[in-house]
Amino acid sequence: MKKYGIENFEERLANAREERAKMHAEKFAAAAKVIGDEGARALSELYELYGDEMYLLYARLWDGEIGGFYYSTSAMETEGYLPDIESTVQALRSLSSCGIFPAYYDVATPEWMREKLIRFAQSLFDPEDGYVYHPQWGYNISPNRRGRDLSWANGMLKNFGANAPCPTAYERLKNSAKSDGKEAEANTAMLPEHLRSVEAFREYLQGFTKPDEKYCISKYSYGLFNLLSSQQSQIFSAGDEFKEALFEFIEAHQREDNGLYQDVISYGTVNGLMKATLIYSGANRPFPNAVAALKSAIEVANTKEIPPHVCCFYNPIITINNLLNNIAKFGDKSVVDETRAELVRLCPSLIRGTRDKVALFKKADGGFSFYKDHTSTASQGAPAAADNFAEGDINATSISSTGVVTNLSAVLGIKVIPMFCREDGELFLDIIKNREPIKKTVPMPEKIRIRSKDRQ
């Protein structure tokens, strides 16, 4: 009997598990030479959370007709939900990092899959303003959603050597920076108001210093830096004056004692720090008070406090990695060597503490959910999954698996150990190639039905 459209599925899966076990035995033995036997043992315990059911979930979420991945199973099954570009690129990146693809997705995806992915991304661009919009979400989306989707789609097309079907918002911003008068006005007419002039942008930033502002930098730096990092490429495309205004604002509000933007050291404030480090990495710029910020990130990475969502155990680790890279490039390299040696010494505790947190979010479908008991129903304000399902989603699964493992490995100075082997990858591609057209089985919920598709 066929399973997933594959004649000898169970036999092939058993063979993949056997080959995977052999590979892991060899790789963990190599890691032990760097992080010690106990560290390697702790790492193998973390890997026990990532079974083949994880990539089988990804396979179920692939829509071959549209050429993209759904956010979650409830989205796949419910009318009104469709694949989205963020879930699609997150899935591709995760499949590359976990070993399903033998190389990065831009060269590892077969031609038939690549063509579908390119067609999907190109279909989302709007010729009127050069941004990316999904048919299920319409135009009235958050700035975070709009900025991220433009970045995801533009980045994937570039990786594949393909072009957007119209001038992107990035190109329009760059053209505006090079022109003046009516030409500049024409280029920026459909762009956000705060990106039409440096004066408007400075005023926009200053608004985030007001105590009653939702994303006040001294009260909710995570929300603010999530907003700013989602627009990072747009800001940089607008010109050097915009870029310098951004960094002047950020640096005016950073604390020297902890390297954060608030007085407390917590999951939330280090989450904000993580987004800030991404902005500095994107600008290839030294991070101010990097050593103090590094100490704050390490403190939160080692806390035993139960995280409210998956970003809280992931963000401290990627922040440590980002800051170590920044210090190695712009600061005192001895700090990097000393910090990494201390992290290696403490790694059994760090890895096991991380594993305990990750395990809280594991779901029966093989994935991980954004919250402990259920997935997030919205992604950057847009409906992404049906309400309160205890299911894995691509965002949380990629964070909890390849996101955690890749950055932990980098921090500890070891090569990333693939979760899966060549046989797993071949099985995955055969499954999605044989994937039957998706049939929706759940009626469209009211919150999707009433969502406006028109520009406001």
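Me: Are F101 and F428 buried or exposed?
Reply: F101 is buried, and F428 is buried too, where buried means under 20% relative accessible area, exposed means over 50% and partly exposed lies in between, computed with a 1.4 Å probe on protein chains only. Please keep in mind that this is a predicted model, in which local features need pLDDT of at least 70 and side-chain atom pairs count only at pLDDT 80 or more, while totals for chains, interfaces and linings use all residues. Residues are numbered from 1 along each chain as its sequence is written, and side-chain values use heavy atoms, with hydrogens and water left out.

Me: How are the rings of F101 and F428 placed?
Reply: Their centres are 6.4 Å apart and their planes stand at 75°, so the pair is edge-to-face. Rings of Phe, Tyr and Trp (its six-membered ring) pair if their centres lie within 6.5 Å, and planes under 30 degrees apart count as stacked, over 60 as edge-to-face and the rest as tilted.

Me: Where in the chain do F101 and F428 sit?
Reply: F101 is in the loop between helix 4 (85–98) and helix 5 (105–108), whereas F428 is in helix 19 (residues 422–433), so that the pair links distant parts of the chain, 327 residues apart. Helices here are DSSP runs (H or I, at least four residues), numbered from the N terminus.

Me: How many aromatic pairs does the structure hold?
Reply: The structure holds 22 aromatic pairs. Ring pairs also link F28, Y47, Y50 and F368 into a cluster.

Me: Back to helix 19, what angle does helix 1 make with helix 19?
Reply: Helix 1 (residues 9–47) packs against helix 19 at an angle of about 150°, with the axes 8 Å apart. That makes the two helices roughly antiparallel. The axes are lines fitted to C-alpha atoms, for helices over the stretch in contact, and the angles run from 0 to 180 degrees between N-to-C directions; under 35 degrees counts as roughly parallel, over 145 as roughly antiparallel, 65 to 115 as roughly perpendicular and the rest as oblique.

Me: And which residues in helix 1 and helix 19 meet?
Reply: On the helix 1 side they are F9, R12, L13, N15, A16, E19 and R20, and on the helix 19 side E423, D424, E426, L427, D430 and I431, with contact meaning heavy atoms within 4.5 Å. By class this contact has 5 nonpolar, 1 polar and 7 charged residues. For these classes, Ala, Val, Leu, Ile, Met, Phe, Trp, Tyr, Cys and Pro count as nonpolar, Asp, Glu, Lys and Arg as charged, and the others, Gly among them, as polar.

Me: What is I432 in contact with?
Reply: Leaving aside neighbours within four places in sequence, I432 is in contact with A59, W62, W112 and M113. I432 is in helix 19 and is buried, at a relative accessible area of 3%. The C-alpha atoms of I432 and L61 are separated by 9.2 Å, although these residues are 371 apart along the chain.

Me: M113 is on that list, so which residues does helix 6 use to meet helix 4?
Reply: M113, L117, F120 and A121 in helix 6 meet I85, T88 and L92 in helix 4. The residues of this contact divide into 6 nonpolar, 1 polar and no charged. The axes of helix 4 and helix 6 (residues 111–123) come within 11 Å and cross at roughly 150°, and the two helices are therefore roughly antiparallel to each other.

Me: New topic: how do helix 15 and helix 16 cross?
Reply: The axes of helix 15 (residues 290–301) and helix 16 (residues 311–330) come within 9 Å and cross at roughly 155°. That makes helix 15 roughly antiparallel to helix 16. Among the residues that meet there are L294 and I298 in helix 15, with I320 and L323 in helix 16. By class, this contact has 13 nonpolar, 1 polar and no charged residues.

Me: What is the phi of N289?
Reply: Phi of N289 is near 50°, which is a positive value in a residue other than glycine. N289 is in the loop between helix 14 (267–283) and helix 15, and at 31% relative accessibility this residue counts as partly exposed.
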